[in-house]
Every structure is written in structure tokens, then in C-alpha cells.
Amino acid sequence: PQGLQVAIDGPASAGKSTVAKIVARKFAYVYVDTGAMYRTVTLRALQAHVDLTNETEVLAVLQHTKITFTPGNPVQHVFANQDEVTEEIRSETVTNHVSTVSALPAIRAALVKRQQELAKAGGIVMDGRDIGTTVLPHAAVKVFLVASVKERAERRYLENQAKGITTSLKTLQQEIAERDYKDSHRTVSPLRKAPDATEIDTTALSIDEVVDRIADLIRQKQ
Ligand code: C5P
């Protein structure tokens, strides 16, 4: 039988990509990180010194950028045309500008179309902000992951520490809260739980526990 479409949404640093990757591996599904697509456009627009609020110019950048993923452990490799951007798209600069780019309707329309193409054949785990509501409204499994801002800032803090970056916990909390606000208040497909999504609060759960809950949801639909 054909694989299912699994949509995983939620705010920044709720653990989406970590669990989405493990779930995909468990079921031999393809994992698509849609945030990486918004981050790649943002990076290229910043490099081109384009005004990030200028929809026409940012769209022109996107139209000249083929975004591809290749498998990798622990992270997938992300390419903008021939250039690997896997690490650069996680920089603080990109992180703090991505919500401006992702609020542009034309950018969303273009990326949603690419994402729907990738998901067409099923057997996919896709994570983002609007997967269950807009990209894959008919996904068999929809999950909405949440966690407290404090917990998410602490997770980011540990991730940064492992990379040798020190950012104060307070700054991280503010940045996360700000990105949540922008992502939930934009006009076009804001971050919202789809009515038929299962909400999982990961604050007090381990990664394995979250994975098990999602795996159960998938098995119920297979
Ligand atoms: O998931 P990640 O934190 O990498 O996403 C980066 C940003 O991309 C989000 O803060 C949001 O502004 C945007 N995004 C989006 N829709 C998606 C995925 C990401 O607007 N489906």
C-alpha cells in the first residue's frame, strides 16, 4: 500500500524536526523540512541585499533558486542550486529574518506548490507551520506539537552550546516568543492547529515518547 502523508506543525523549537526525522526513518518515509525552504530563500535574499519586505524582489530570488535535499545523518543536506547551505540557513541572522520572508503571500504560494509536489506520492513526513491547514489539508495524520517557551529556549540553549555558541537564555526566550508572535499573526496561513490535528505537549515528554505517540497515530491509519 501507498505510504501516508504525515503533517507535523507547531511553533519554533517544539521538537518538530527531531521527531519528524525519527518517525520518517521508522516507516521508511521521506522527510521534508519546509522551514529549511523558507530559510534558504531568506539566506539568498540577504546575500543578494534585497529588501526582505519587497515581495517582487524576493520572489525573483526564489524563482532563480532550486532548493534540494539530500539524505544525511544527523541532518539532511540542503542545497540552493549547487551551493550547500545546510549550516548557513541555521545562522542567527537567517533565524531572525525568516518570519519577514515567510509572511510574503507570493513566497508562500510558490513554496506551498513545491511542497505539494513533493508530497503527492505519499510516504512523507512534512514539518512546518501550515502543513495540516494549508499544504496537506487531507493528510491522514496531523500532529500539532507544543511546548512552553521556557522549555523551548532551554532546548535551543543546549543545541547552541553543543555547537559552541553562547546566547543568553533570556535572549533565546525573547527570540522564540517574537517568532511565535510573527508566525501566528501573519495574514496568510498563520501558525494554527488544524481542527483535526492531534495536539501533543512535549514539555514533559522525551523524544521517544513523542515518537511513539505519532507512530501509534500512523499505525491506526495504515
Ligand atoms: O521550522 P523552522 O523554525 O526552521 O522554520 C523557520 C521559519 O520558517 C518559521 O519561523 C516560519 O516563519 C517559517 N515557516 C513557515 N511555514 C512553514 C515552515 C516554516 O512560515 N511551513
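This briefing describes an annotated domain, a helix pair and a pocket in a predicted model. Local features need pLDDT of at least 70 and side-chain atom pairs count only at pLDDT 80 or more, whereas totals for chains, interfaces and linings use all residues. Residues are numbered from 1 along each chain as its sequence is written, and side-chain values use heavy atoms, with hydrogens and water left out.

**Annotated domain**
- An unreviewed UniProt entry places the feature "domain: Cytidylate kinase" at residues 6–219, an annotation of a kind that may be inferred rather than shown by experiment.
- The end C-alpha atoms of residues 6–219 lie 12 Å apart, and the span is 51% helix and 15% strand, where helices (H or I, at least four residues) and strands (E, at least two) are DSSP runs numbered from the N terminus.

**Helix packing**
- Helix 2 (residues 34–47) and helix 4 (residues 92–102) pack at an angle of about 100°, with their axes 8 Å apart; axes are lines fitted to C-alpha atoms over the stretch in contact, and angles run from 0 to 180 degrees between N-to-C directions.
- Helix 2 is therefore roughly perpendicular to helix 4, a term for angles of 65 to 115 degrees.
- The contact (heavy atoms within 4.5 Å) includes Tyr 38 and Arg 39 of helix 2 and His 97 of helix 4.

**Second largest pocket**
- Among the 22 residues lining the second largest pocket, Val 30, Tyr 31, Val 32, Phe 69 and Gln 76 lie nearest its centre; a pocket is an open set of points on a 1 Å grid over the protein atoms alone, where a 1.4 Å probe fits, with protein on both sides within 12 Å along at least five of seven lines, and lining residues have an atom within 4 Å of a point.
- Strand 3 gives the largest share of this lining, 4 residues.

Notes
Parallel < 35°, antiparallel > 145°, perpendicular 65-115°, else oblique.
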